[in-house]
Amino acid sequence: MTQISVTRLCKDYAAGEGPALRNLSLDVNSGEMVALLGPSGSGKTTALKILGGLIAPDSGQVQFDGKPVLHLAPDRRGAVMVFQNPLLFPYMTVAENIGFGLRMRGVARNTIRDRVEDMLAAVRLPGFGPRRPSELSGGQAQRVALARALILHPALLLLDEPLSSLDTHLRADMQDLICALQKETRITTIFVTHDQAEAVAMADRVALLLDGSLRQFDEPTAFFRTPVDIDVARFFGATTFLPGHVRANIFDCALGPLSLSHVWGNRPATATIRPEAIRLGPGTANTFTGTIRTCQFLGTQTAVTVDVADTPLRLSLPPDQAAGLAPGQPLTLHLPPDALWIFP
C-alpha cells in the first residue's frame, strides 16, 4: 500500500490552447481507490500519465510514501498502468501475457506458473492460460490486462478508462471485479473516467477536474449533497437553479420565501435542489402548485418539468409515481428544506 501526494502539478501542451493541468494538488491515502472524473480535455489522463511516468509535468511534485518520483523512469516507480485498449501481445498466450512482467524481473519459471494460475482464478478466467488474445472477448482481454498489472504487486495501479469500450453489462461485471480485487489486495488505485455513475460506484473518493483544475475532491455523496459550486452541481445532474437572496434560514426567490434547514447568513445567493429530491404532494414547508410542461420516460426514471410562477422546476420520479401525469395538468409538490443547497 502506498500513499500518493501530488502538489501543484502544471502541464501545458501547446501555446494558445490553455493548460492541460492547473496546479493540481491532492493526497491519496494508502490503499484507497480514487476516481479522476471529468469531461474530455479536463486533464485527467494527463494527470494519470504524469503519475505513471509517461510524460513529465512543467512544474509540481509527485511523491510516493513521501519520496519524490518524478526523476524516476516508469519501470522504477512501482506504478503500473492499464489502458482502455488492453494492449496484449498477440503472439503470446494469455498465460505468457500475464507472466511477462515477472519474466522480465527474472522470476523462476515455476513461480511464474503458479502466480499466473492464481491471477487467472482471481480475474475469473481459470483455464484460459493457453488461449491467444484473438480468442478473447473484449471483457476477457481487459481482465487479462488487469491480471498482468496486478501480478506485479504494484505500489500504484493506474487505470485509464479501462471499461469505456465494454458493453453495459460487461462494464458492471468489471466494476464489481475491480472493486473486489482492490479491496482484497489493498493496492492504491487511481482510475480515470468520464462516467459519473462509474466514479461514484467504484471510488472511495472522487476528484472532479474541469478545464484542467481540481474543483472538488470528496466522497461520492458530497457531490450530490454539498457541491462546492454551480458547475460541480450541474456536472452531477442538478438542473434547477434559483437566484435570490438568503437571510438566515429563509431564501427569497421568484417562488417566494423558501424555508431552509440551515442558517446561511445574509447575502445574494443561488439555491439548487436535485430533481430526485423534489416531492409530490403538500409538505410541511415550501409547497407549490404548478402546471406540468413536459413528461419524458427515461426507463428507470421519468423526467417531469413543472412551471411554478413562471419558474421551471425539474423533477425525476420513479415511473410508477409518474403514471398518469401529462402536460397541462396541475401538480402540487414541495421542496424539502434539507434538500435545498445554497451557493453564495
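Helix H2 (residues 94-104) is followed by Gly106, whose phi is positive, near 80°. Helices (H or I, at least four residues) and strands (E, at least two) are DSSP runs, numbered from the N terminus. The model is a predicted one, in which local features need pLDDT of at least 70 and side-chain atom pairs count only at pLDDT 80 or more, while totals for chains, interfaces and linings use all residues. Residues are numbered from 1 along each chain as its sequence is written, and side-chain values use heavy atoms, with hydrogens and water left out.

Two packed helices are described by the angle between their axes and the distance between the axes. Axes are lines fitted to C-alpha atoms, for helices over the stretch in contact, and angles run from 0 to 180 degrees between N-to-C directions. The axes of H2 and helix H3 (residues 109-122) come within 9 Å and cross at roughly 125°. H2 is therefore oblique to H3, a term for angles that are neither under 35 degrees (roughly parallel), nor over 145 (roughly antiparallel), nor 65 to 115 (roughly perpendicular). The crossing of H2 and H3 is right-handed, that is, the near helix is turned clockwise from the far one by less than a right angle. On the H2 side, the contact is made by Val94, Ala95, Ile98, Gly99, Leu102 and Arg103; H3 contributes Ile112, Arg115, Val116, Met119 and Leu120. Eight nonpolar, one polar and two charged residues form this contact of H2 with H3, with Ala, Val, Leu, Ile, Met, Phe, Trp, Tyr, Cys and Pro counted as nonpolar, Asp, Glu, Lys and Arg as charged, and the others, Gly among them, as polar.

H2 and H4 pack at an angle of about 30°, with their axes 7 Å apart, and are therefore roughly parallel to each other. Val94, Asn97 and Ile98 of H2 meet Val144, Ala147 and Arg148 of H4 in this contact.

An open sheet of five strands has the order S13-S12-S11-S14-S20, with antiparallel pairing; two strands pair if DSSP finds at least two bridges between them. Strands S13 (256-259) and S20 (341-343) stand at the edges, each with a single partner strand, so one side of each is left without a neighbour in the sheet. Within the sheet, S11 (residues 240-247) and S14 (residues 266-273) pair over eight bridges, and the bridge partner of Gly244 in S14 is Ala269.

Terms used
Contact = heavy atoms within 4.5 Å.
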